[in-house]
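Work through the following exercises with the sequence and the model at hand, and try each task before reading its solution.

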Amino acid sequence: MEHGEVILRFNKVSFNFKDKPILVDTDFSIRRNAKITIMGQNGAGKSTIFKLITKTLKVDSGEISIPKDATIGIALQMIPKDQLDLTLLKFFESAFKEKIYDIEKRIKNVMEIVNLNLPINKEVKDLSGGQKARLLLAFALIQNPDILLLDEPTNNLDKDGIAHLTQFLMNYKKTCVVISHDANFLNSFTDGVLNLDVFTHKVEQFVGDYYSVVNQIAIQLEKDRMKNSRLQKEVTSTNVKINFFKKKSAQMNKLAKKLEKKVDESQSQVVEVRKEERTIKDFIIEEQHIPRPLAQIESVTILKNHKLTSKKVELTLRKKDKLLIAGPNGIGKSTFLKSLVSGKENGCKIDPDVKVGYYSQDFSELNFEETAYEALFNVMEEKSPKDLYGTA
């Protein structure tokens, strides 16, 4: 696909969050019809770029240029809480400032694109996690934006959902910018990459599909490491000579000063090599000793043709067992897991002495008014004096 004029440009853009630099003198441009991937470590500023484009955040310095007539659509990762009680019809209507008279036709078309088959009077809160992910995508697509921003669009999508999205993006006639960690998905339609570095706060722009760009970055990293190694050897060797000459005559002392300038020049040529992302430190979850089965599952409830259906199973979970719950979006996987944890699934029982840790895809257990520390502190069963009263 041929690319047209520049539709989005970052010119020396810098942005800080609570005095911490996220982006520094960022320069890049995106042309019409381009398919661009934003890649980088966690915290490098990928989502920040989206928020700056949509003006949710303001730059500290520099300029972001977008044609006045260009429209922007963004597929968020989560549905706002104040929209969960809306019907699908009302949810899609909220995408427009003015009344759209053929809204139901548009909804039908966009739902086909994301492979959703739901009545428009269904409430958003009643959708599964995968269905909500497709709904967020459909919400962005129904606006037919000139610039489509997708933040981790494959999260919570099943295989069919990812296939539908991939095909859509391959045929999409307008500009698309995607944040994702799904390499195969990205490689199918990407023709350029913006690579962010969480340590240098810089952005590099590459041309090519995802895999070729990853290879380009790896080659450049190796070149930078080799260059730095050579420069370091030169600096070490020169410093040895400087220390030797300084102990000699005044004439030799002058030579030592010249060599010191050479060392400064070599050190100024050292390339700032992209570092590996920091990993989470190892931690241990204490094991519980419960000799009897941890859980018994005799039946599960699934959703088929929008109707609840009970299926008989015979399953016993013991210590160190691992169970995979698989199936298409909307069949009831997340619902089953929630009912299992809450004890509302009649055919399932978890031993009352078992401690259950539950991680949901919509983060519904989290209080977004709390800090990360407060959220973790409040779920601790046992709090040490240090946790309760702090350190002296």
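**Exercise 1. Describe the overall make-up of the chain.**

Begin with the contacts: in this predicted model, residues 24 or more positions apart account for 65% of the contacts in the protein chain that have a separation of 6 or more. Next, take the secondary structure, which comes to 11 helices and 12 strands. Finally, turn to burial and surface: 36% of the 392 residues count as buried, while the chain exposes about 25,500 Å², of which carbon and sulfur atoms supply 52%.

**Exercise 2. Determine which side of helix 5 is buried, and what covers it.**

First check the length of the helix: its 13 residues, at 1.5 Å a residue, should span 18 Å, and the 19 Å between its end C-alpha atoms agrees with this. Then list the buried residues of helix 5, which are Gly-161, Leu-165, Thr-166, Phe-168 and Leu-169. Because these cover an arc of only 165 degrees around the axis, they lie on the same side of helix 5. The elements that cover them include strand 3 (35–40), helix 3, helix 4, strand 6, strand 7 and helix 6.

Note on methods: Residues numbered from 1 in each chain as written. Predicted model: local features only at pLDDT ≥ 70, side-chain atom pairs only at ≥ 80, totals over all residues. Heavy atoms only, no water. Helix = DSSP H or I, 4+ residues; strand = E, 2+ residues; numbered from the N terminus. Buried < 20%, exposed > 50% of the residue type's maximum accessible area, 1.4 Å probe, protein only. Contact = heavy atoms within 4.5 Å. Areas by Shrake-Rupley, 256 points an atom, 1.4 Å probe, with all protein chains shown as cover. Expected span 1.5 Å × (residues − 1). Arc of directions from axis to C-beta.
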